[in-house]
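Colleague: Please take me through this model, giving the criterion behind each term as you use it.

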Amino acid sequence: MNRDPTEPSAPPPTSADVARLAGVSRATVSFVLNNTAGGRVSEQTRAKVRAAADRLGYVPHAAARSLRAGRTGLVLLAGAAVPIGPLFSGFHRELQEALNRRGYTGVLHGSTPGGGEDAARAWAELRPTAVLCLTPGLTPDGVRILRRSGTRAVLTLGAPPVSGAHALIMDQREVGVSAVAHLLDRGRRRIGVVMPTDPGLALFSGPRLAGARSAAASAGSGALVEPLPLDYTEESAAELAVRCRELALDGLFGYNDEYAMLALRALQDAGLDVPGAVALVGADDLLLARLLRPRLSSVRMRLPSGEELAELVDRVVSDPEAPPLNRDLMTVELIARDSS
């Protein structure tokens with residue numbers, strides 16, 4: 001007796017089950033569900049196949065489809081150890097949607113113990129069509145491992161360039177340059193730079209500090225730039241406010257808007273007027289920058305849209321032998337408000 005594939009205890013449904021229920025061939029099921037039918041299958045038949053698949057809970061087998069196509073269509077976004085804030089989460093959502101429209105599936109992959117070649121091997125096991133590396137650790141040998149396993153394109157996004165990979169640069173130094181140049185223009189000469197203690201943010205905070213120092217050196221004004229470690233806690237922010245008073249700082253770059261908000265409250269609680277005693281600048285230009293009082297000056301960053309990046313991924317996947325490109329994708333603009 002034939003089993004009923006709709007029973008909860010039944011084995012997973014197959015394309016043969018869908019074909020039997022819809023009254024069509026397995027080839028027709030494959031054409032419809034893999035969207036390769038072109039004009040050979042009527043809309044009525046398509047609807048019957050989809051209805052049968054929905055009733056049975058059937059979805060095509062990704063591995064089998066990959067074997068037929070010669071690639072998985074998987075775009076691995078490697079490096080989920082980076083804290084995901086409002087700016088990145090919006091960018092990530094856009095990118096996923098744009099990749100889907102081009103027939104790819106974007107997967108965010110967490111960090112792998114060991115990093116380096118071990119991470120590349122772990123990524124290669126999934127046979128991704130492309131790898132977009134968001135954090136440091138990828139090596140030239142790792143790129144070779146991925147390419148030998150069939151990955152058609154390896155890209156770094158914001159992370160340091162790696163030989164053999166396409167480099168999509170988002171120069172964080174420019175954020176620090178913009179913030180501190182603005183404070184210097186406002187006549188501030190003793191400037192603190194917030195350095196989050198979260199190790200996941202070192203990829204951004206280090207270059208931003210380097211940019212802040214570069215801006216001070218270029219101004220030739222003998223300005224002090226003082227790094228100030230900060231946990232994301234009220235207690236740590238209170239200590240930072242005490243440090244600002246002890247060092248007689250008159251300007252503060254708060255790393256980003258959220259850390260700047262934490263510093264703002266602590267400075268005000270310590271009786272230090274913003275911007276009278278200490279001018280303050282954040283970064284990211286989030287909504288909260290306009291909601292704070294005083295309204296927060298902030299470095300606005302224009303990231304590539306998800307559509308732009310998905311188009312670029314698609315282009316390099318289509319031409320895997322193209323020479324590695326090196327492109328700066330980020331521009332910055334200082335939005336001056338009441339806090340500075």
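Colleague: What does R190 touch, not counting residues up to four places away in sequence?

Modeller: R190 touches L224, L247, A248, L249, D250 and G251, where contact means heavy atoms within 4.5 Å. This is a predicted model, in which local features need pLDDT of at least 70 and side-chain atom pairs count only at pLDDT 80 or more, while totals for chains, interfaces and linings use all residues. Residues are numbered from 1 along each chain as its sequence is written, and side-chain values use heavy atoms, with hydrogens and water left out.

Colleague: Why is R190 called partly exposed?

Modeller: Its relative accessible area is 35%. Buried means under 20%, exposed means over 50%, and partly exposed is in between, with a 1.4 Å probe and protein chains only. R190 is therefore partly exposed. R190 lies in strand β6 (residues 190-196), and six of the seven residues of β6 are buried.

Colleague: How do you know that β6 pairs with strand β7?

Modeller: Two strands pair if DSSP finds at least two bridges between them, and seven bridges join β6 to β7 (residues 224-230), with the two strands running parallel. Strands (E, at least two residues) and helices (H or I, at least four) are DSSP runs numbered from the N terminus. R190 has L224 as its bridge partner in β7. The C-alpha atoms of R190 and V225 are separated by 6.4 Å, although these residues are 35 residues apart along the chain.

**Enclosed elements**

Colleague: What makes strand β9 largely enclosed by the rest of the structure?

Modeller: Five of the five residues of β9 (residues 279-283) are buried, so the strand is largely enclosed. A279, V281 and A283 point one way, L280 and G282 the other way, and all are buried. Three bridges join β9 to strand β8 (residues 251-253), and these strands run parallel. G251 has A279 as its bridge partner in β9.

Colleague: Why is helix α1 also described as largely enclosed?

Modeller: Six of the eight residues of α1 (residues 15-22) are buried, so this helix is largely enclosed by the rest of the structure. The buried residues are S15, A16, D17, V18, A19 and A22, and their cover includes α2 and α3. Just after α1, G23 takes a positive phi of about 75 degrees.

**Helix pairs**

Colleague: Why are helices α2 and α3 called roughly perpendicular?

Modeller: Helix α2 (residues 26-33) and helix α3 (residues 43-56) pack at an angle of about 90 degrees, with their axes 10 Å apart. Axes are lines fitted to C-alpha atoms, for helices over the stretch in contact, and angles run from 0 to 180 degrees between N-to-C directions. Angles under 35 degrees count as roughly parallel, over 145 as roughly antiparallel, 65 to 115 as roughly perpendicular and the rest as oblique. The two helices are therefore roughly perpendicular to each other. T28, V29, V32 and L33 in α2 meet T45, R46, V49, R50 and A53 in α3.

Colleague: What makes α8 oblique to α9?

Modeller: The axes of α8 (residues 173-185) and α9 (residues 202-219) come within 6 Å and cross at roughly 40 degrees. That value makes α8 oblique to α9.

Colleague: Which residues of α8 and α9 meet?

Modeller: R173, V175, G176, V177, V180, A181 and L184 in α8 meet P207, R208, A210, G211, A212, A215, A216 and A219 in α9.

**The open sheet**

Colleague: Why are β2 and β11 called edge strands?

Modeller: Six strands form an open sheet in the order β2-β1-β3-β4-β5-β11, with parallel pairing. β2 (105-109) and β11 (326-328) each pair on one side only, as edge strands. Neighbouring strands of this sheet are turned by 20 degrees against each other on average, direction ignored. Helix α13 (residues 306-318) packs on the sheet, touching β1, β3 (130-133), β4 (153-157), β5 (166-169) and β11, and its direction makes about 150 degrees with that of β4.

Colleague: How many bridges join β1 to β2?

Modeller: Five bridges join β1 (residues 74-78) to β2, and these strands run parallel. L76 has V107 as its bridge partner in β2.
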